[in-house]
Each structure stands twice: as structure tokens, then as C-alpha cells.
There are 2 protein chains.
Amino acid sequence: MNRRKALITAGGGGLAAILATHTGPALSQGRKEWRLQCAWPKNAPGLATGAIALSEFVNKATNGSLTIRLFSAGEITPPFQTLEAVANGTIQMGQGYSTYWAGQAPAMMFLGPLPFGLTSQEQMAWLYYGGGAELAAKVYEKLGVIMFPNGQTSVQSAGWFNKEINTLNDYKGLKMRVGGMGGRVLQALGGTPVAMPLGEVPQAMQSGAIDAVEFVGPMNDLGFGLHKVAKYYYWPGWLEPSGQYDCFVNPKAWETLSPAEKEIIRAGNVYASQLMLSELVAKNAAAWNQLVNTHKVQVRKFNDETLKGIGEIAWKVIDGEAQKDPLSKEVFNSIMKFRTEVLPYTNISELEFMRSRNLGFKYG
Amino acid sequence: MNRRKALITAGGGGLAAILATHTGPALSQGRKEWRLQCAWPKNAPGLATGAIALSEFVNKATNGSLTIRLFSAGEITPPFQTLEAVANGTIQMGQGYSTYWAGQAPAMMFLGPLPFGLTSQEQMAWLYYGGGAELAAKVYEKLGVIMFPNGQTSVQSAGWFNKEINTLNDYKGLKMRVGGMGGRVLQALGGTPVAMPLGEVPQAMQSGAIDAVEFVGPMNDLGFGLHKVAKYYYWPGWLEPSGQYDCFVNPKAWETLSPAEKEIIRAGNVYASQLMLSELVAKNAAAWNQLVNTHKVQVRKFNDETLKGIGEIAWKVIDGEAQKDPLSKEVFNSIMKFRTEVLPYTNISELEFMRSRNLGFKYG
């Protein structure tokens, strides 16, 4: 009873924690209990949504034959060792972000957002109907895990700046907390990408140790208080027009599952992806309005000439990186084939429609 | 063994057909077999994807405890009686399109696409994080069924025309096959909406009985051959920026399900929604390129002045319709609240990013 009470009052764990109480020795026959570590706190708004949705769904849909318990980064291994812990069987499942594993496989960078690449809607179309999910699985297989796409960020911000960017030249000497392909593009623009834990950002922005910082989008940026440490919020988000959350499973654990359980995890990740994107669209919009209307954030848009200049350089950087590694090249070629195919259609459908809503007629 | 072999080689029917064979008298104890009729052929490209994905998933995930068999419109009831057949228990489940049921509940019109309304990505954010799914369920409950959103069309075309639209005036006297709210807007613009089975459209376009026709988007339009009967393909798709596919269940049948089966159907519809949208994004893009490059279709864009004029009128028509019925008003108010909140954010994120990709720099 004490154990049960402790679990029920644990709070954040939600249904996963409650169901876990049913897996005492007497009940455990034929029931599997898995541990899923997130690469962030297990209740991190936006970030952990895919893990929460997936685990609650699996726990209900399998009627408890498979129970997934969530753990925060650090509870079992440090965040950036989550994938390794799944590969070596310490835990059965993990949830994170593709570019976190780029040190172990450069092609991960191409599964993540590419500057001026695909939107989240396009990225998901590539994953499910353009061969993307199979290619992603191939990259993760090299690191010893089975991968499922677990969510999308939607278009992210171009960052919070304490200096204005009016020409390409203004990027020269700029010190910015930014990783991934965006960091390499910044370097090519003459700036300096800085690796730094998010917790150190406020002081670094205040002291001028860095001039700019990129995190996710309005909801997460507001939650972390980035509007308090920077003057300007820059858009459009050429840096990271999407962002790939991932779910990965230990292959030996996978083989202990029934066909029904496998199907529930496979489809459960598509379900989680949809919820994650929808949540971010809704909550980013609310946070955006709060940032602009309540906190009076100064929004800045890059001018077209600057964007064009960044685009030229971004392409060279990305293409150059892709040529260094056969698997990166394979992923990149697939994405570029899809981008070339989808862009004319996105332009005439989504883009032209969105533009038409802003022609100034009364609506609402 | 023969039976097993027959099952394995059954081919085209997919898992639904294979599992269905397990439900003979000897095996049927504790197993439920449901019939799902689509409001179109059960293999209709794009349209039936949500029903196929859902049924195959349910059949696998429940390990056959619940088997859903697909039927085409007309196999059990005519297409537009599908919802009624589910409500009265003739069949357990149906899949269709919200506006098909507007004759029985005017609020259905507001669950479907609204001229200059929400994109599919926004619509799904409204459904899952803006109270939309609950409101939709409330509308369907009035007709005696439990409803789950089952997919989105993405931005649809504004139609195929044999006359050019260069000013608002050109809509005057235009006879167009178009239903739903778009038809009411056309009427307010001075045109005549015509109800006509799609099969009669080619001859009607040729004889001049109608001047224009609207169907879905490039994939379906190409499949039906609309490029052969019209001169101009008009965009942006102000008429139907999204489109709501639905899945509905008989409430008594629902109550025979276990909690796990209910959860599998609930989440399975979110899963199906994501796949449906992704398929349409990918295949509409491919079809668009084929229409433009192979079939040399003449694409026309409405000019801004015309779009602005249509927008003014569209708003008045939609708002007017909403005032006629309390439930319509409730749905409309919720959508408008969400649209007002999301629009500034979509503009700075999705729209500005999509625009930035077209600034003419070399990429690929």
C-alpha cells in the first residue's frame, strides 16, 4: 500500500506510473515493463509530449501487457547517453531529438532540420510517403536501435538577438548559442557558434559572452524566459523550419513483443507525432501573442537581401557536409528530391492561401 | 493448411481480409466483427486512406478481438445514408466527409472547410488542442453517432474553369459545380452553384451546362481527368483550405468494446489523420508536377483585388449562416477564436518561412 500510495502521489508520471503499480511480482507473469528515458525532463512542455502520449496509449491499448514507465534525463543516464543506453539494453526505449546523436552518426544532422529545408508538414509527408522513415530507421540501425519518428517542432524561430541583423555582414563576429547545421552556416557567415547549456544562457547574454541564442519556438522560448535576456526576436526561421523528435527501441526488447504490441508502438508513434505537432501549433500561437502583446517583444524580420545571401551560403554548407559521408548523402539526396517535388505545390497551395488571408478584408 | 495458404496468398484485401477469415463460427467467441462503409469506394485513392489505415491498424492491434471489414458506398447503403446506417445500427462504423451530413445538421458545414478559414495543420491543432474534437463530437452526437476526426485534405484547389476570372464581376452568371459554404459564397458573388454527380461533369463542361467545377486537389483531380475538360486550374484555394474526413461509430456497438479497444479506435483515428494528410501532401505534389509539366495545364491565380473582394463577401455569407443555428454559431465562434489566435503566428512562422525559400538563391 505504501508503495502504491507513493506511486500514485508521484504526480507527473501520469498513467504510466499508476499502471506500474500493477506490475508487482504476483501480477508480472506475461507482462512486460519497459523503461523509457527522455532526453529532457519527463514532463517538459512540448518536448516530452510525444513520450507521454505514446506511453499512455501503449499502457491502455495493450491492456497492461506492455507497460512503459517514463524517466527524466539523468534518472538513468545523462541526456546525451540516452540512445546508447537503449542500444546496450540498459533501458528498452528512449525519446529525444535526431541531431542529439549526430556525434555518433553524421547523417543524423540531415534527419533534423535543414536551413531553408522542409516544413513539418512536408517532413512528415517525406517520412511516411517519401521513403523518409525507412531511411531514418537505417541511420538509427547503425547505432543499434529501432527508430520511429515521434514528433515535429513546426517552424522554429531564427533566434533571440541583442544585435540587429540588417545585412549579411552583421553576422560577422556574432557569437550565438546554436548547434546542428545552423551552427555550421553561422560559421560560414563569419560568426561563432557556441555550445553552452541552456541554463548558462541568461548570464552569457547579459555579460555579452554571447550575442544571440536559438532554442525552439514561442512556447518553449517564453517558458524559459528568453524574452527577458534578449532585445530582438528574429524571423523567419530559416535556421530550423522543422525539427525531428525520435523514439528508439532496443532490438532484443523489440523481439519480445507480440505482433499486436509492435503495431501499437509503430502506429502509436504516428499518433504521438500528430499530437505533438498540433500541440505546438496551438501553444506556440498562444505564446506568440503573449510575447508580442503582453511582453512587447520586439520582433525583427530579416530583409530579403539578407535572407537571399544566407540561403546561398546555407546551401553550400549543407551540400558540402552531405558529401563527406555516404549515408548523409543518401538521406540528403532523398530529402532534396522530395523538396524539389513538393516546393511548387506548397507554393501554389499553402503559401498562396496563407498569403490570401492577409489581403486586408474584414474577416471576424 | 490449405486455409492458411489461401489466407496468406489472399493479397489485395490486406490484413483486414486475412483476419476476417479467422472469424468463422468456431473462432468467433469473444470476437467482434464490424462493418465499416465508406462514403466512396473502399479503395478510392486519398479518400479511403483513413478507413484503410484505421481498419488495418485495429485488426492488428486488437489481435483480432475486433475486426473491421471495409465496404464501399452502395454495398450496404447509398453513400449519403452512411451516417444514418451507423446511427440506426445497420452497420457499426462509417467513414465520410463532414459536409456530407449538413442536410441533417447545419453545423456540419462549419466542421468542414470554410472559405479563407483554417489550413489543415491549423484545423488539427484546433481539433486536438483547441476544443474542436469535443465540439465536433457534440454535433455528431445530435445525429446519434460517436465521431472521430479521420483525416484532412490539405488546401484544395479553387476549381477548374472554362472562363477566366479577372474581376469579381466574372463570377456573375458563372455556373459551377460546387457545394457547401463555397456554393453559398458563389451565389453571393452572383454565380449559380450546381449540384451534379461527378460522373456527369465532363459532358456538362463540354456542353457549357456548367462553366467550372471543384473537386479536391491535384491527385484526385488528375485521377478523374478534370484537366481534360477545363481550360484553367485556379488557385489559391480560398474555397476549401482544408477538408474534414470523419469516422463515426454506433454508440451501442461502442459500448461492447473493451477500454483497450476504445483506445485503439480513438488513437487509431489520430494515426489515420496524420497518414491521410501526409499522403495527400506527397501525392498532390507529384500530381501537380504531372499536371503542369506533362499535361501543360494552364494555371491561373486570382489577382489580389479579386481575392480581397471574395474575402469580404465570404465573411458575410459565413457569418450569416452561423447566426441561423445555435450549434453552428458555437462551432463557428470556436473556430474564429482559434483563427484569430493562430493567424499572427502562422504568418510569422509558416508563411514567412515558405516565402523565404522563394527568394531566388541557388538551393539544389
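In which order do the five strands of the open sheet of chain B stand? The order is E2-E1-E3-E10-E4, with mixed pairing, where two strands pair if DSSP finds at least two bridges between them. This is a predicted model, in which local features need pLDDT of at least 70 and side-chain atom pairs count only at pLDDT 80 or more, while totals for chains, interfaces and linings use all residues. Residues are numbered from 1 along each chain as its sequence is written, and chains are lettered from A and ligands numbered from 1 in the order in which they are written. Helices (H or I, at least four residues) and strands (E, at least two) are DSSP runs, numbered from the N terminus.

**The sheet of chain B**

- Strand E2 (66-71) and strand E4 (146-152) of chain B are at the edges with a single partner strand each, so one side of each is left without a neighbour in the sheet.
- On average, neighbouring strands of this sheet are turned by 25° against each other, with direction ignored.
- Strand E1 (residues 32-38) and strand E3 (residues 93-97) of chain B run parallel and are joined by three bridges, and B:Leu36 has B:Met93 in E3(B) as its bridge partner.
- Helix H12 (residues 259-294) of chain B packs on the sheet, where it touches E2, E4 and strand E10 (244-249) of chain B, and its direction makes about 25° with that of E4(B); axes are lines fitted to C-alpha atoms, for helices over the stretch in contact, and angles run from 0 to 180 degrees between N-to-C directions.

**The sheet of chain A**

- In chain A, an open sheet of five strands has the order E2-E1-E3-E10-E4, with mixed pairing.
- Its edges are formed by strand E2 (66-71) and strand E4 (146-152) of chain A, each of which has a single partner strand, so one side of each is left without a neighbour in the sheet.
- Six bridges join strand E1 (residues 32-38) of chain A to E2(A), and the two run parallel; A:Leu36 stands opposite A:Leu70 in E2(A).
- Helix H7 (residues 132-141) of chain A packs on the sheet and touches E4 and strand E10 (244-249) of chain A, with a direction that makes about 125° with that of E4(A).

**Contact between the chains**

- Chain A contributes 77 residues that are in contact with 77 residues of chain B, a contact being two residues whose C-beta atoms, placed from the backbone, lie within 7 Å.
- Helix H3 (49-61), helix H6 (120-129), helix H12 (259-294), helix H13 (304-322) and helix H14 (326-356) of chain A are the elements that give two or more residues to the side touching chain B, and the largest share, 21 residues, comes from H12(A).
- By class, that side of chain A has 39 nonpolar, 22 polar and 16 charged residues, where Ala, Val, Leu, Ile, Met, Phe, Trp, Tyr, Cys and Pro count as nonpolar, Asp, Glu, Lys and Arg as charged, and the others, Gly among them, as polar.

**The nonpolar core**

- The largest nonpolar core has 227 residues, and A:Tyr271, B:Phe248 and B:Tyr271 are those with the most contacts inside it; such a core is a set of buried Ala, Val, Leu, Ile, Met, Phe, Trp, Tyr and Cys residues joined through C-beta atoms within 7 Å.
- With its neighbours within four places in sequence left aside, A:Tyr271 is in contact with A:Ala53, A:Phe57, B:Ala267, B:Val270 and B:Tyr271.

**Domains of chain A**

- Chain A is divided into domain 1 (2-150 + 244-282) and domain 2 (159-241 + 307-356), with bounds that come from an automatic or database domain assignment.
- The centres of the two domains of chain A, taken over C-alpha atoms, are separated by 26 Å.
- In chain A, 25 residues of domain 1 are in contact with 32 residues of domain 2.

**Backbone details**

- A cis peptide bond, with omega about -5°, joins A:Trp235 and A:Pro236, and A:Pro236 lies in the loop between strand E9 (232-235) and E10 of chain A.
- A:Phe116 has a positive phi, near 60°, in a residue other than glycine, and A:Phe116 counts as buried because it has 24 C-beta neighbours inside 10 Å, the cut-off for buried being 20 or more other C-beta atoms within 10 Å of its own, against 12 or fewer for exposed and partly exposed in between, with C-beta atoms placed from the backbone.
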